[in-house]
Every structure is written in structure tokens, then in C-alpha cells.
Amino acid sequence: MKKFIPVSEPEITEKEINYVNKAVKSGWVSSLGEFIIKFEEEFSKFIGTKYALTTCNGTTALHLALTSIGIKEGDEVIVPDITFIATANAVKYTGATPVFADIEQDTWCIDPNDIRKKITPKTKAIIPVHLYGHPANMDPILEIANKYGLFVIEDCAEAHGAEYKGKKVGSIGHCGVFSFYGNKIITTGEGGMITTNDYNIYNKAKFLRDHAMNPNKRYWHTEIGYNYRITNMQAALGLAQLERIEELIQKKITIFNLYKNYLNEINEIKLNPEKEWAKNVFWMISIIINNFDENKRNSLISKLKNLGIDSRPFFYPCSLMPMYNKNNFSNPVSYDIYKKGLNLPSGYNLTEQDILWITENLKNLIKT
């Protein structure tokens with residue numbers, strides 16, 4: 001039976017098992033417990049912000065962040081056209097409208113020049129997404145935000161530990177949002193985090209996260225809140241992973257370098273970018289295949305799967321989705337790149353022999 005190589009899988013060690021066991025044995029298995037407090041404290045230190053607030057997943061963290069800065073019906077929020085759909089959907093949850101900006105050819109992240117074109121009197125915020133582990137170009141985004149009085153929420157779901165000019169993503173805008181889904185740099189199974197230096201954002205998000213219950217008058221609620229809390233068991237897993245995050249990021253970098261070594265001479269393939277001002281954490285090993293279209297890309301995915309090699313297409317442009325395409329956006333870079341983009345196996349347990357097998361088959365298939 002041939003080996004199956006998944007796109008991603010977490011690395012769970014005895015440390016994670018011991019921490020989760022401790023949480024279970026403590027009896028604090030729901031949304032209170034020492035691991036939640038410790039996870040938030042240590043994550044804020046890692047990112048370099050004053051505050052960090054856990055949530056039950058990355059999408060709820062986005063929604064909570066948007067609600068906490070006052071985004072509401074009638075507002076517009078600029079997001080990149082290439083991102084996981086949660087970025088746009090979280091905007092819609094507030095009643096606001098996501099406005100899709102194109103991405104840069106050389107970072108795959110939101111294009112500041114196109115942000116400028118998409119601003120209207122209704123624009124209230126920008127959500128740059130640090131796609132596949134590479135930071136967005138934050139300085140011009142912050143300049144635009146300052147000029148027009150806009151909030152900046154960094155979507156760091158795929159970029160734990162990535163850096164822009166020496167600063168960790170999630171510490172640069174008004175707040176950052178992270179996901180700890182099972183395929184992320186570190187995982188809690190399902191979970192999310194908001195990071196910020198702004199006490200008002202933190203305090204509002206903390207209030208809304210727990211049904212907007214008055215902290216001094218139990219079961220008294222003055223607003224519509226949410227049940228967006230994480231569990232102590234999940235936080236225990238997250239804390240153990242966080243204590244290993246530098247090791248895990250280095251594994252991602254090593255995996256990327258092995259792919260780069262084996263694919264370097266193939267002109268048809270462009271691997272993940274890394275600008276001189278960036279530290280890419282290579283959440284996914286991602287390639288663009290020149291002269292491919294969507295059909296050829298999908299055929300390649302099918303052929304790789306027949307060989308036991310899992311892969312994923314790039315995200316579709318959000319503006320192509322049925323619920324959003326009435327806005328008639330057409331962003332040329334986004335609409336070009338998604339058809340040619342492919343995510344290759346990127347899990348921590350990959351061996352060099354696995355990567356050699358993947359790359360040899362990939363080279364053969366794109367030439368046939």
C-alpha cells in the first residue's frame with residue numbers, strides 16, 4: 001500500500017498530551033482555568049502586544065475584533081480578494097460590506113495601491129491578510145489608514161511568528177487576529193486569538209466574548225454578546241504548542257528550503273516569495289505554475305492524489321463567490337494567480353525523502 005502524504009498535520013508531543021491531561025484532571029474543562037490565562041499571557045509576550053484574548057476559532061476572533069472597533073451595517077471594510085472566505089464573511093456578519101482589493105504579484109498579499117482605489121466615504125477599516133505565512137506590506141497600509149482615519153485589523157491566521165521589518169505580525173495594526181485550527185503553525189484543535197495594544201479594543205472584545213455579561217452583576221446583560229470562549233483543554237494544547245513555536249517555525253523553514261533545493265532549476269515553478277523586509281514562516285509550501293490554467297491545475301491535483309500526494313488549490317477570489325460577485329469586482333492579479341496556484345504537503349513530519357518523492361513527481365507531471 002502506497003504512503004499517503006497529507007497537505008498538513010500537527011506535531012503533537014508528550015508535552016501537549018501532559019498539559020491536556022492536567023487540564024482534564026483539574027476538572028476545569030470549560031471556559032475557565034489556568035491554561036487560558038497562561039496561554040493569553042504568553043501569546044501576548046510572543047507577539048509583543050499588551051493584550052491577547054482567546055476565542056473559540058479564528059473566524060469568531062475576526063468578528064469580535066470588527067464588532068469591538070464599531071464596524072456596523074452601512075460600513076465598508078477593505079479585504080484582499082485572495083484569502084480564506086472567513087475574512088470576508090466576518091465583515092458581513094457585522095452587516096458591513098467587504099470590498100475586495102487586488103493582491104501584489106510579488107507577495108500575494110493585499111496591494112496598497114489598490115486599497116487607495118477602493119476607499120469610499122463608507123470605508124472604516126482595512127484587513128491585510130498575511131497570506132500563506134508572508135507578511136503584507138504594512139507601512140503603506142498604515143499610511144493610508146492614518147490618512148483616512150481607518151482601523152487596521154491584521155489577519156494573521158496563517159502567519160504565527162512571521163515578521164515585518166523585525167516586528168511580529170499581529171503587533172503592527174490596531175489589532176491582530178490568529179487561528180489555531182489543526183493545520184496552523186500552532187494548534188488548539190479549534191481556537192483563535194485577538195492581540196492588541198489598545199485597552200479599549202481588548203476590554204470591549206472580552207466583554208462581548210462572554211454574552212456581554214456585566215462583570216460586576218452576574219447574569220445582567222446590556223448588549224447582544226456572543227459565546228466565543230475557548231476551553232481550558234484547548235488552551236492547554238495551545239500553551240504546549242506555543243512553548244515549542246520557534247522549533248516548529250524552524251521546521252517550516254527547513255521544509256521550504258528542501259523544496260527550494262529540489263525545485264530551484266524548474267523555470268515553470270515559482271515558490272513562496274520572501275521580501276527583504278519580511279520573515280516568512282511558510283505555513284504552506286505554495287507554488288505558482290507558469291502557463292497553467294485552472295483546468296490544468298486541477299488535473300495536476302488529481303494526478304498527485306493518485307500517487308498518494310495531497311495538495312490544495314489556492315483560494316478562489318472572494319469576489320467570484322455567488323454571494324459576493326454582484327459587486328462585479330475584477331482584480332487582475334488575483335484572477336490570474338488563483339488559477340495557477342497550488343499548496344503542496346507542508347506538515348511537520350515530512351522527511352527529505354518525502355519531499356524528494358513529491359518534487360520528482362511534480363516535475364514529471366508538469367512536463368507531460
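Lys270 stands opposite Ile288 in β12. This is a predicted model. The pair belongs to strands β10 and β12 (residues 285-289), which are antiparallel and share 3 bridges. Helix α10 (residues 294-306) packs on the sheet and touches β12, β13 and β14 (341-344). The direction of α10 makes about 20° with that of β14.

The sheet itself is open and has 4 strands. Their order is β10-β12-β14-β13, and the pairing is antiparallel. At the edges are β10 (269-271) and β13 (312-313). Each of these two pairs on one side only.

## Seven-stranded sheet

A second open sheet is built from 7 strands. The order reads β1-β9-β8-β5-β4-β2-β3, with mixed pairing. The edge positions go to β1 (51-55) and β3 (97-101). Each has a single partner strand, so one side of each lacks a neighbour in the sheet. On average, neighbouring strands of this sheet are turned by 25° against each other, direction ignored.

Strands of a sheet pair through backbone hydrogen bonds, in either a parallel or an antiparallel sense.

Start with β2 (residues 76-80) and β4 (residues 123-126). These strands run parallel and are joined by 3 bridges. Glu76 stands opposite Thr123 in β4.

On to β5 (residues 151-155): β4 pairs with β5 in the parallel sense, over 2 bridges. Here Ala125 has Phe151 of β5 as its bridge partner. Between β4 and β5 the chain passes through helix α6 (residues 138-148). This β-α-β crossover is right-handed.

Next comes β8 (residues 175-179), which runs parallel to β5 and is joined to β5 by 3 bridges. The bridge partner of Ile153 in β8 is Cys175.

Helix α7 (residues 199-209) lies across β1 and β9 (192-196). Relative to β1, α7 runs at about 20°.

## α3 against α4

Two packed helices are described by the angle between their axes and the distance between the axes. For α3 (residues 58-68) and α4 (residues 86-93), the axes come within 9 Å and cross at roughly 40°. That makes α3 oblique to α4. The crossing of α3 past α4 is right-handed.

Which residues meet in α3 and α4? From α3 come Thr59, Leu62, His63 and Leu66. From α4 come Ala86, Thr87, Ala90, Val91 and Tyr93. The residues of this contact divide into 6 nonpolar, 3 polar and no charged.

## α9 against α12

Helix α9 (residues 245-263) packs with helix α12 (residues 352-366) at an angle of about 40°. Their axes are 10 Å apart. The two helices are therefore oblique to each other. α9 passes α12 in a right-handed crossing.

On the α9 side, the contact is made by Ile255, Leu258, Tyr259, Tyr262 and Leu263. On the α12 side, the residues are Glu352, Ile355, Leu356, Ile358, Thr359, Leu362 and Lys363. By class, the contact of α9 with α12 has 9 nonpolar, 1 polar and 2 charged residues.

## α10 against α12

α12 also packs with α10, at an angle of about 135°. The axes of α10 and α12 are 11 Å apart. The crossing of α10 past α12 is right-handed.

Leu300, Lys303 and Leu304 of α10 make the contact with Leu362, Leu365 and Ile366 of α12. The residues divide into 5 nonpolar, no polar and 1 charged. Leu362 of α12 is listed in the contact with α10 and in the contact with α9.

Conventions: Residues are numbered from 1 along each chain as its sequence is written. This is a predicted model: local features need pLDDT of at least 70, side-chain atom pairs count only at pLDDT 80 or more; totals for chains, interfaces and linings use all residues. Side-chain values use heavy atoms; hydrogens and water are left out. Axes are lines fitted to C-alpha atoms, for helices over the stretch in contact, and angles run from 0 to 180 degrees between N-to-C directions. Angles under 35 degrees count as roughly parallel, over 145 as roughly antiparallel, 65 to 115 as roughly perpendicular and the rest as oblique. A crossing is left-handed if the near helix is turned anticlockwise from the far one by less than a right angle, and right-handed if clockwise. Contact means heavy atoms within 4.5 Å. Ala, Val, Leu, Ile, Met, Phe, Trp, Tyr, Cys and Pro count as nonpolar, Asp, Glu, Lys and Arg as charged, and the others, Gly among them, as polar. Two strands pair if DSSP finds at least two bridges between them. A crossover is right-handed if, with the strands pointing away from the viewer, the path from the first strand over the helix to the second runs clockwise.
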